[in-house]
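Student: Please pick one part of this structure and go through it closely. Then show me what else is worth a look around it.

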Amino acid sequence: MFHVSRYLNTIIIGVETDFTVGDRNHHLDEFLLFCLSLGQFLFVFCLAAHGRFAQKLLTDLFSNYTNALRPVEDTDYIINVTLQITLSQIIDMDERNQILTTYLWVRQVWMDAYLTWKKEDYDGLDTIRIPSSYVWRPDIVLYNSADDEFSSSMETNVVLRNDGQVMWDQPAITKSSCSVDVAFFPFDVQQCHLTFGSWTHNGNQMDLINALDSADLADFVPNVEWEVLGMPAKKNVILYGCCSDPYPDITFTLHLKRRASFYIFNLLIPCMMISFLAPLGFYLPADSGEKVSLGVTVLLALTVFQLLVAESMPPSESVPLIGKYYIATMTMVTASTALTIFIMNIHHCGPEARPVPEWAERFILNHLARICFVSEVGNNCLSEGGGGAGRKEILVKTRCVCQHHGLRKNVEYIASSYQDQKTAQLRIGEWRKVAKVMDRFFMWLFFIMVFFMSILILGKAI
């Protein structure tokens, strides 16, 4: 201190004497450096003083303290615990096992009657931070926990205030059971409940208070699959059958909406494109031999997509929306394949087949052909009128030229066989015309069905 005083006197005397401007500036710079060094020394000295007072405070507080009992002056008093949840991240949603994994920040605040002090006695020290194992902690747990180890929480410090307030911020990775409803998958909205409450203390010993009306979502990390719509909080007081005392709890309801873009581009659109191939089987020529093969191939492709969806869904009685769409499409493809086989049987009718009924000729070949834009159906070149004229011409020539009776009978037999052959060809042609009109009719019908089914399933996404 003597050297500090002498240095200050030298600076002051030097300023008052007739120093040059350069000398005066030099002494002022030295004075500023001295003040900076003195400030650092005083700051370190104050910290050391606070450290000594904090050590003394910790010794005084916990000399006769126990963390095994509720910190109340009277056992009839109720200790109030304020609970606040901050949702930081949704780690995983396991629909098959119905387990939601989240990363939470849990804040608990309560008053400890035995951890108070006067800050004037400890150099103005009003808060200290100590390990949470030193103080009494409320046994608040997640009721619907699905964690098999119960070790997902982290031991952190608590903040003690001089008025006895204890604040405990604890990060935790929780696994909770969540009832997943997949009825509208992949356009579903889920509600997962997280219920927090004391495991041993009833409402007459410890009460829970909501810090906010909902969980804090300010620091939430967006999830690629789920969109968080909200997480409201509600306090419940439940009377269990085993006990007459009330047990309060706080339930946070997490509202989740699935982001359906991934499933639309990977499951729905490929299924729709495959579904539009099924009606084209009716457009294939019957003689190509690929009509039934196309329907079976489409059916197998849809079966593969349905298995992909079934692997990720929980086994339940509720069939997801995309599963209903696959089942409806597979039913349609199966029906189209069966109708294709029926129409091919009509197309390949032989000469021994009966003539086309009059009602079928009137309804299918006339009206339905116009509706389905089948313009090829008309009078065939092998018409009955042409055959009759040819027969008459042959008969006239036979009467005029052929005088021999046996030769005339042979010529008439040849003419009759030729006419029967043309009649059989005409009958086969008519059945083929019926099959072609039916092909076009069912092609347009199934196209309309696929279109409306696609509109209905995509309408859920809008």
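Predicted model: local features only at pLDDT ≥ 70, side-chain atom pairs only at ≥ 80, totals over all residues.

Tutor: Start where helix 3 meets helix 4, a crossing that is left-handed. Residues are numbered from 1 along each chain as its sequence is written, and side-chain values use heavy atoms, with hydrogens and water left out.

Now the two partners. Helix 3 covers residues 261-275, and helix 4 covers residues 291-312. Helices (H or I, at least four residues) and strands (E, at least two) are DSSP runs, numbered from the N terminus. The angle between helix 3 and helix 4 is about 165°, and their axes lie 10 Å apart. Axes are lines fitted to C-alpha atoms, for helices over the stretch in contact; angles between N-to-C directions run from 0 to 180 degrees. Helix 3 and helix 4 are therefore roughly antiparallel. The cut-offs are under 35 degrees for roughly parallel, over 145 for roughly antiparallel, 65 to 115 for roughly perpendicular, and oblique for the rest.

Which residues meet? Helix 3 brings Asn266, Leu267, Pro270, Cys271, Ile274 and Ser275. Helix 4 answers with Val298, Ala301, Leu302, Phe305 and Val309. By class, this contact has 9 nonpolar, 2 polar and no charged residues. Contact means heavy atoms within 4.5 Å. Ala, Val, Leu, Ile, Met, Phe, Trp, Tyr, Cys and Pro count as nonpolar, Asp, Glu, Lys and Arg as charged, and the others, Gly among them, as polar.

Helix 3 has another partner. Helix 5 (residues 321-347) packs with helix 3 at about 10°, the axes 11 Å apart. Helix 3 and helix 5 are therefore roughly parallel. From helix 3 come Leu267, Leu268, Cys271, Met272 and Ser275. From helix 5 come Ile322, Tyr325, Tyr326, Thr329 and Met332. The contact of helix 3 with helix 5 divides into 8 nonpolar, 2 polar and no charged residues. Leu267, Cys271 and Ser275 take part in both contacts.

Move along to helix 6, residues 358-371. Helix 6 has 14 residues and spans 19 Å from its first C-alpha to its last, close to the expected 20 Å. That expected span is 1.5 Å times one less than the number of residues. Ala360, Ile364, Leu365, Leu368 and Ala369 of helix 6 are buried. Buried means under 20% relative accessible area, exposed over 50%, and partly exposed in between (1.4 Å probe, protein chains only). An α-helix has 3.6 residues a turn, so residues three or four places apart point the same way. Just after helix 6, Phe373 takes a positive phi of about 60°.

Helix 8 (residues 405-459) holds Asp439. Asp439 is buried, at 7% relative accessible area. Leaving out residues up to four places away in sequence, Asp439 touches Phe282, Lys291 and Ile343.

Next, the strands. Leu194 sits in strand 7 and is buried, with a relative accessible area of 1%. Thr251 is 57 residues from Leu194 in sequence, yet 5.5 Å from it in space, C-alpha to C-alpha. Beyond four places in sequence, the contacts of Leu194 include Leu100, Leu142, Thr174, Met231 and Thr251.

The loops deserve a stop too. Pro186 lies between strand 6 (165-177) and strand 7 (189-198). A cis peptide bond joins Phe185 to Pro186, with omega about 5°. Gln98 is in the loop between strand 1 (79-94) and strand 2 (99-111). Gln98 is not a glycine, yet its phi is positive, about 55°. Gln98 is partly exposed at 29%. Asp123, between strand 2 and strand 3 (127-131), has a positive phi near 60°. Asp123 is partly exposed, at 40%. Asn162 lies between strand 5 (157-161) and strand 6. Asn162 and Asp126 are 36 residues apart in sequence and 5.1 Å apart in space, C-alpha to C-alpha.

Last, step back. The protein has 8 helices and 11 strands. Of its 462 residues, 37% count as buried. Among contacts with a separation of 6 or more, 78% join residues 24 or more positions apart.

Terms used:
Left-handed = near helix turned anticlockwise from the far one by under 90°.
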